[in-house]
Amino acid sequence: MSASATAFVGSIPELYDRHLGPVLFEPYARELARRLPPGPLRILEIAAGTGRLTRQLLAALPATGAVIATDLNPPMLVEAAQRITDARVTWRQADAQALPLAAGEVDVVACQFGLMFVPDKAQAVREMRRVLRPGGRALISTWDALGRNVASRILHALAVALAPDDPPAFMLTPFSMFDPAALHALFGAAGFAEVRVETVEVIGESPSAADFAIGLVRGNPLWLQLVERGVDAPAFERQVTAALVAEFGDCPCRHPLSAHVVTAIA
């Protein structure tokens, strides 16, 4: 997989937040935040991206709580820091496989749709367990199967059809951790207790199919893979828009989403 497979750079962070953030990530950010235990917690957020979950965590915390929001990609953190100026949050670049925190340093580890991008997922989950205090909580979300997230499935099929001999593979990564049993086993093997995996289905709503298509095509690293292959990206964006209208309607464009929420105790 080329570096472009997971590179959130250039205009991608801004388009990702504007066109995908309210539709794909905000509903599940609320889902994770409402599972926080009470109290002035110290929270580590992994793969914070542009801060959709960060904002919801801060809203759920008392004034004495704190969030350490981390991401591997500095451009995503720059975008987040421009949008969130709450003094309770600290922004740090960090690799989920080697977290720059001491053992038992936090009460909660939260990660929304980031674990799928980590090369060594077992190591990342062990790191979550290490930095949590005894009795601390992990709150993690991963996307369900591509087939259960129809808009993304349509996008992937259209992208593959453009270059069947060298298909853009980015969309396979976000939807690679769809098996609830495998998720349960992953956290159990890292020493977590009371592991629960809940499938949460919601309806995503975009102002229009064209607005959603901008995010799907240009708001993630698929865009870089299209450019690498010399694809007429604006024409492809129009094709995606038409397919979304045909499947879901327009103004608004409403589409089903499915994801898994993992809760576990250290």
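The structure is a predicted model, in which local features need pLDDT of at least 70 and side-chain atom pairs count only at pLDDT 80 or more, while totals for chains, interfaces and linings use all residues. Residues are numbered from 1 along each chain as its sequence is written, and side-chain values use heavy atoms, with hydrogens and water left out.

**The second largest pocket**

- The second largest pocket holds about 160 Å³ of space, where a pocket is an open set of points on a 1 Å grid over the protein atoms alone, fitting a 1.4 Å probe and having protein on both sides within 12 Å along at least five of seven lines, and where the volume is the space filled by probe spheres set on points joined across faces, edges and corners.
- Its lining, meaning residues with an atom within 4 Å of a point, consists of Arg-35, Arg-137, Glu-194, Arg-196, Val-197, Glu-198, Val-261, Thr-263 and Ile-265.
- Strand E6 (193-206) and strand E7 (253-265) are the elements that give two or more residues to this lining, and E6 supplies the largest share, with four residues; strands (E, at least two residues) and helices (H or I, at least four) are DSSP runs numbered from the N terminus.

**Gln-56 in helix H2**

- Gln-56 belongs to helix H2 (residues 52-60) and counts as buried at 17% relative accessibility, the cut-off for buried being under 20% relative accessible area with a 1.4 Å probe and protein chains only.
- The side chains of Gln-56 and Glu-26 make a polar contact at 2.7 Å, that is, a pair of N or O atoms within 3.5 Å of which one must be able to donate a hydrogen and the other to accept it.
- Residues up to four places away in sequence aside, Gln-56 touches Glu-26, Ala-29, Arg-30 and Ala-33, contact meaning heavy atoms within 4.5 Å.

**Gly-136 in strand E5**

- Gly-136 lies in strand E5 (residues 132-143) and is buried, with a relative accessible area of 0%.
- Beyond its neighbours within four places in sequence, Gly-136 is in contact with Asp-107, Ala-264, Ile-265 and Ala-266.
- The C-alpha atoms of Gly-136 and Ala-66, which are 70 residues apart along the chain, are separated by 15 Å.

**Strands E1 and E2**

- Strand E1 (residues 42-46) is largely enclosed by the rest of the structure, because four of its five residues are buried.
- E1 pairs with strand E2 (residues 66-71) in the parallel sense over four bridges, pairing requiring that DSSP find at least two bridges, and Ile-43 stands opposite Val-67 in E2.

Note on methods
Buried < 20%, exposed > 50% of the residue type's maximum accessible area, 1.4 Å probe, protein only.
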